Amino acid sequence: MKQKIVIITLILLLIVCIVVFLIFYNREIFVGNRIANQNSYSLDIERMNGKDEHILDLKSGDTLIISFEAEEGTLHVEIKAPDSNVVYVGNGIDEAKDFTVNIRESGVYKIEVKARHAKGKLSIQRKEILP
């Protein structure tokens, strides 16, 4: 009987430890540098779990100069046009690291970053067309 109680107690303690570990391991966190302004958005990520967003007010003819690389974990980026159509989606692994996106429609563009145990870099610079 005493041995059963010890085994049950150990199993319950193990379950509690696993739950606590999973809660802390998957909590939202950002360690690194973030710069976000009217012409750029950059993340230098040492560790990130969770989401980040930024908006850029762009004009038709502008170009976004993008550098994106995921070194560890999962890093997902979407850029959405004012009509919510996705103009770019990527993970920083399967595509070119440096590229451009041409803006066809003026308006507010939303950049969404989702990360899970991620390390990497994202830089988005606005290049305006000259009048």
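Serine 40 touches Ile35, His54, Leu56, Ile124 and Gln125, leaving aside residues up to four places away in sequence; contact means heavy atoms within 4.5 Å. The model is predicted: local features need pLDDT of at least 70, side-chain atom pairs count only at pLDDT 80 or more, and totals for chains, interfaces and linings use all residues. Residues are numbered from 1 along each chain as its sequence is written, and side-chain values use heavy atoms, without hydrogens and water.

**Serine 40**
- Serine 40 sits in strand β2 (residues 40-58); strands are DSSP runs of E, at least two residues, numbered from the N terminus.
- Serine 40 is buried at 8% relative accessible area (buried is under 20%, exposed over 50%, partly exposed in between; 1.4 Å probe, protein chains only).

**Salt bridges**
- The whole structure holds six salt bridges (a side-chain nitrogen of Lys or Arg within 4 Å of a carboxyl oxygen of Asp or Glu).
- Aspartate 52 pairs with arginine 34 at 2.7 Å, N to O.
- Aspartate 52 is in strand β2 and arginine 34 in strand β1 (residues 29-36), so this pair ties together parts 18 residues apart in sequence.
- Aspartate 52 is buried at 17%, while arginine 34 is partly exposed at 40%.
- Glutamate 78 meets lysine 80 at 3.7 Å, N to O.
- Glutamate 112 meets lysine 110 at 3.4 Å, N to O.
- Shared partners join Glu53, Glu78, Lys80, Lys110 and Glu112 into one salt-bridge network.

Terms used. Helices (H or I, at least four residues) and strands (E, at least two) are DSSP runs, numbered from the N terminus.
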